[in-house]
Amino acid sequence: MVLLRGSGEFTGHGYDFSVVMDGSGDGGVPRGKLLMDFGAAVVGGDADSLAACRDGVRRALGEEALADAAGVAAIFNAVVRVADATGIPLEDAKAAASEKVRAEIGIDAFADGKA
Amino acid sequence: MRTELTEAQDRAWARLAAPGTWWTGAERVAIAAEARQALLCRLCAERAQALTANAVSGTHDSLGVLDPVVVEAVHRIRTDSGRLSRRWLDDLLGQGLAVECYVELVGVIATVIAIDTFALALGRPPRALPRPQPGVPSQRRPVGARNDRAWVPTLAPEDVGPDDPPLYAGLAGMNIHRALSLVPAEVIGFFDLDAAMYLPDRQLRDYGTEYRALTHAQIELLAARLSALNRCVY
């Protein structure tokens with residue numbers, strides 16, 4: 001989220017972070033919804049949906065972009081396990097910088113339900 | 001496809017089969033196999049539907065190779081990591097799982113998830129697990145590792161000693177880099193894969209240059225969505 005905001009500040013785009021939670025739009029990022037749908041399909045477990053999303057990314061962005069999107073989805077599907085399983089916290093500075101947006105879009109609620 | 005994507009996965013697969021720091025090559029491959037098996041586990045499926053994992057008791061559908069406490073760790077990390085807690089980990093450690101072994105296990109699972117997810121995303125079959133390589137674990141724990149910010153001891157960049165491998169080379173030493181640092185080889189291995197699949201650290205904030213077929217914004221939006229889908233607080 002911090003890096004997405006940094007990218008937006010560099011390019012002068014104000015991205016809508018709320019779409020990260022429900023995948024409802026592109027958030028101001030070109031082909032953003034297509035990519036988020038692809039990410040959701042990768043972890044969603046529906047083979048037909050994933051095939052359709054894969055074809056969509058390939059047609060819209062090309063084969064290289066599809067491989068790069070697969071890489072990003074893959075490593076983030078893994079790195080969240082590293083964070084979750086070790087209990088490593090977000091850096092204080094990052095937490096402070098993202099406090100408002102995290103509260104607004106509901107990320108902090110993920111801390112509930114741990115047992 | 002970028003050759004580094006394939007080469008990094010080849011390196012990770014070779015590393016998976018080799019003796020680690022606390023597990024043998026055979027044990028590391030067994031952990032990888034169990035991580036795949038977790039997706040077929042009925043107990044894990046039932047727990048995923050429950051309000052809390054503790055609400056459902058039972059026995060994991062395991063491959064029968066690893067100790068039950070290891071199986072519990074592998075299955076929960078693979079299928080329900082967003083609801084793990086320090087209390088859960090402390091319970092595993094209390095049952096005899098050494099924290100060093102646990103950290104290496106996390107690294108193995110994360111590696112398998114990354115490579116399996118990549119194949120799935122592209123519509124390819126999962127790679128066959130590698131043949132375990134002989135040898136004994138080095139069992140070297142970083143002298144400077146200490147309990148501070150995570151559930152497990154970590155090695156701060158400033159505490160890396162002359163006998164430790166250069167685990168933070170090319171990395172900013174952020175908390176996520178420190179997460180596996182009790183087992184430096186896992187940091188080096190996992191972030192080698194991370195640099196190929198995502199971006200090397202030095203390119204993360206170089207917004208003026210695009211290094212991939214996706215822009216920085218597209219990469220970060222997809223990454224943030226994946227974190228949200230996995231209910232990751234980090």
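## Salt bridges across the interface

Across the interface of chain B and chain A in this predicted model, the rule for salt bridges (a side-chain nitrogen of Lys or Arg within 4 Å of a carboxyl oxygen of Asp or Glu) finds one. A salt bridge joins the side chains of A:Asp68 and B:Arg2, with an N to O distance of 2.8 Å.

The interface itself involves 66 residues of chain B in contact with 65 residues of chain A, where contact means heavy atoms within 4.5 Å. Between them the two chains bury about 6300 Å², 69% of it on carbon and sulfur atoms; buried area is the accessible area, taken with a 1.4 Å probe, that two parts lose on being put together, summed over both.

## Salt bridges over all chains

Over all chains, the same rule brings the count to 22 salt bridges. One pairing found by the rule is that of B:Arg212 with B:Glu4, whose side chains meet at 3.9 Å, N to O. This pair links distant parts of the chain, 208 residues apart, with B:Arg212 in the loop between helix 9 (201–204) and helix 10 (216–229) of chain B and B:Glu4 in helix 1 of chain B.

## Helix 5 of chain A and its partners

Helices here are DSSP runs of H or I with at least four residues, numbered from the N terminus, and their axes are lines fitted to C-alpha atoms over the stretch in contact, with angles from 0 to 180 degrees between N-to-C directions. Helix 3 (residues 32–44) and helix 5 (residues 63–86) of chain A pack at an angle of about 50°, with their axes 10 Å apart. Helix 3 of chain A is therefore oblique to helix 5 of chain A, given that angles under 35 degrees count as roughly parallel, over 145 as roughly antiparallel, 65 to 115 as roughly perpendicular and the rest as oblique. Their crossing is right-handed, that is, the near helix is turned clockwise from the far one by less than a right angle. From helix 3, A:Leu35, A:Phe38, A:Val42 and A:Val43 meet A:Leu66, A:Ala69, A:Ala70, A:Ala73 and A:Asn77 of helix 5. These residues divide into eight nonpolar, one polar and no charged, where Ala, Val, Leu, Ile, Met, Phe, Trp, Tyr, Cys and Pro count as nonpolar, Asp, Glu, Lys and Arg as charged, and the others, Gly among them, as polar.

Helix 4 (residues 47–61) of chain A also meets helix 5 of chain A, and their axes come within 7 Å and cross at roughly 135°, which means that helix 4 of chain A is oblique to helix 5 of chain A. This crossing is right-handed. A:Arg54, A:Val57, A:Arg58 and A:Leu61 of helix 4 are in contact with A:Glu63, A:Ala65 and A:Leu66 of helix 5, a set with four nonpolar, no polar and three charged residues.

## Conventions

Residues are numbered from 1 along each chain as its sequence is written, while chains are lettered from A and ligands numbered from 1 in the order in which they are written. Local features need pLDDT of at least 70 and side-chain atom pairs count only at pLDDT 80 or more, whereas totals for chains, interfaces and linings use all residues, and side-chain values use heavy atoms, with hydrogens and water left out.

Key:
Helix = DSSP H or I, 4+ residues; strand = E, 2+ residues; numbered from the N terminus.
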